[in-house]
Amino acid sequence: MNARDRILAKLRPFSPSTATTAPDVAAWFAAHRPVESPAEKARRFRHFIELAHAEVHAVTADNWLKTLCAVLRARGIEQLLVAEGTPHGEQVLDGLPPQGIECATYDMAIEAWKTEMFTATPASLTAARAAIAETGTLILWPDALEPRLMSLVPPLHIVLLDATKLYNTFYEAMTAEGWKDGLPTNSLLISGPSKTADIQQTLAYGAHGPKELVVLMLNVPEGAQ
Amino acid sequence: MSDQITEHRLHFKPAEGFRSRAKAVVDTPFLRQSFRGAMDFLMSKRAAQFPDPEELESLRTLGEQIRQYNLARLPDLLEQLEANLTRNGVRVHWAETPDEANAIILGICQQWNAKLMVKGKSMVSEEIELNHAAEAAGISALESDMGEYIVQLAGEKPSHIIMPAIHKTKEEIARLFAEKVPGVDYTDNVDALIQIGRTVLRQKFMEAEVGLSGVNFAVAETGTLCLVENEGNGRMCTTVPPVHIAITGIEKIVEKLDHVPPLYSLLTRSATGQNISTYFNMISGPRKPGEKDGPEEVHLVLLDNGRSQAYADEQLRKTLQCIRCGACMNHCPVYTRIGGHAYGTTYPGPIGKIVSPHMLGLDATAGLTTASSLCGACGEVCPVKIPIPELLMRLREEAFSAPHPNPAMRGQGAGYSPLVSAIWRGWAFVYRSPAMYRAVSWLTSRFNWLTPSRQGAWTSVREPLKPAAKRLRDRVRERG
């Protein structure tokens, strides 16, 4: 017998034959998390992600590129990593270079440009798939067009979020979107810039990931501006 | 620099030295103050996350149900997890012992000619002492969680499962960095210290061939490994190097993805008083064709190391409900006074006292089961309702009862003393019969001058115990 069979053989005789009742997760959330209006969700999302040190800007489809430009200029950054082939990426590639912002794209496997990614990529823009109001959390599903490291390595991470895609809870997000039927290689919840309190419980931002997180919120409902 | 880091040969100490190590901390006012302050801080942060007692109680009940439901199906779920991870392209390995786990991990490293392994925070990797095994195999194992990095630089072990460097001040860390990190001058500015760690470790994330991580929840139905963290080093370790190896105890498994949100909420709120962590990283496979980053290989090592012993007993199985939040140690009056290193085991505090005997045997841990006032705080705050005080009582019985055949635990009876046992049997015998009790109490009051003046640990700081010359019943009778 190999280790696998030996471990399973040690467990099997003691696995209770009488079925323990399945936990009713849905009932708990129904009883404890009220349904909120889009405006309430947007307010709550903004409150919690700002508490976690993120910067939030309400934008429109017409002015978001301008805000993006202003966010970069305010920090003296003239270079942005964007995802070519995504609708938002293409808009940036059209709109920002004329404003003097140099746009780089993630067009090769990381092995070909790891050092450049780590040392010469000050900012990135990605979209969020959705977000969670309860905790002020962005949901990202990195893919071939917008790979994982875009939301991790650049010190400034800017996220474009459509506020109509706000869920109340993590539970609601995964059930409404049917995540159990298929998850990508990597999916992420992000709730602020990276941080640590490992030295004398003193909170410091910019641990290993982004030092700053900026959220550009599209379609913010009235009453939540 | 990484060579320097793995030079130290510090291993976890056997639990016999517990008393002297505990005394050393208690005798150091500075350490006591710093643990007290840190624990008060963590307790108040947790309390602020649970303003509604009804919500807390119902969520703990749900957490307990989820853990018990999944443990009841453990062997089936392990097979389901293995099948789904394999389908997703993750290679699954099984290890009964720490040595087997180390051999698997180092074998993968050798296949890749790895010189450097960067590690995200993983208590299971501490449990198997992977850093020492890696060093022996000529591979640098570098901790990348800031707290773990600090204790590794100092040649120490974590003193808390969530906040590894909680015993160190910023001044100590400043001196450590100035001494050990090339080109760094003394600064005790916390932001500057973190930036030093960030700069050193970012270079290492780029260089490492292997990234190692733990697992907070493994989801059987989707074949997904979930990691909880704030710093981003966990994401670095699982994304940048070409190989990602995850290691977990066999108990950290849930059947359904929707079991995760309640446990995740309980975990971060109980551990550090955060409503959520910065990152929740769900890994369901290696890089797919066309993807531009992520590891080419993902491995999962499933470790038993005594967990199946706890599993075999219905009461002891509750130990495996643990989600490693550390709230029990934050609320423990013993942990707060002696800190994490005194225990000598990988997992300190109340959870350490109930889980370590299964990993190390009661022969090495019998004394730890008595390092508790049974105040019950650990059981009250446990987010998945592990009855820790009840389990401590059970472990004391296992450790101190006379050895018997077919014990439920390795090392049963290790603390057994025929003399102490005879004294308690005599005590029980006397108290069972009113006549016997009267006779013995009369004799002890008459012969109280025979009481020894030295009574072991009791008289080290107290007056000797001496029966009164007149019994209570005699005094009551005299008063009429």
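Colleague: Let's start where the chains meet. At what angle do helix H2 of chain A and helix H4 of chain B pack?
Modeller: Happy to! This is a predicted model, in which local features need pLDDT of at least 70, side-chain atom pairs count only at pLDDT 80 or more, and totals for chains, interfaces and linings use all residues. Residues are numbered from 1 along each chain as its sequence is written, while chains are lettered from A and ligands numbered from 1 in the order in which they are written. Helices are DSSP runs of H or I with at least four residues and strands are runs of E with at least two, numbered from the N terminus; axes are lines fitted to C-alpha atoms, for helices over the stretch in contact, with angles from 0 to 180 degrees between N-to-C directions. For H2(A), residues 25-32, and H4(B), residues 53-72, the axes are 11 Å apart and the angle is about 170°.

Colleague: Which residues of H4(B) make the contact?
Modeller: Contact here is C-beta atoms, placed from the backbone, lying within 7 Å. By class, the residues of this helix contact are 3 nonpolar, 2 polar and 1 charged, where Ala, Val, Leu, Ile, Met, Phe, Trp, Tyr, Cys and Pro are nonpolar, Asp, Glu, Lys and Arg are charged, and the others, Gly among them, are polar. H2(A) brings Val25(A), Trp28(A) and His32(A), and H4(B) brings Glu55(B), Ser58(B) and Leu62(B).

Colleague: Zooming out, how many charged residues has the side of chain B that touches chain A?
Modeller: Across the whole interface, 74 residues of chain B are in contact with 62 of chain A. By class, that side of chain B has 34 nonpolar and 21 polar residues, and the charged ones number 19.

Colleague: How many residues of strand S10 of chain B are buried?
Modeller: S10(B) pairs in parallel with S1(B) (90-95) over 6 bridges and with S7(B) (243-249) over 7 bridges. Buried means 20 or more other C-beta atoms within 10 Å of a residue's own, exposed 12 or fewer, and partly exposed in between, with C-beta atoms placed from the backbone. S10(B), residues 297-303, is mostly covered, and of its 7 residues the number buried is 6.

Colleague: Which residue in S10(B) stands opposite Trp94(B)?
Modeller: One bridge pair of S10(B) is Ala246(B) with Leu300(B). For Trp94(B), the residue standing opposite is Leu302(B).

Colleague: Is Ile66(B) buried or exposed?
Modeller: Ile66(B) lies in helix H4 of chain B and touches Pro23(A), Val254(B), His259(B), Pro262(B) and Leu263(B), leaving out residues up to four places away in sequence. Val260(B) is 194 residues away in sequence, yet 9.1 Å away in space, C-alpha to C-alpha. With 25 other C-beta atoms within 10 Å, Ile66(B) is buried.

Colleague: Last one: Lys385(B) is not a glycine, so what is its phi?
Modeller: Lys385(B) sits in the loop between helix H19 (377-381) and helix H20 (388-400) of chain B. With 19 C-beta neighbours inside 10 Å, Lys385(B) counts as partly exposed. Its phi is positive, at about 55°.

Conventions
Contact = placed C-beta atoms within 7 Å. Pairing = 2+ DSSP bridges.
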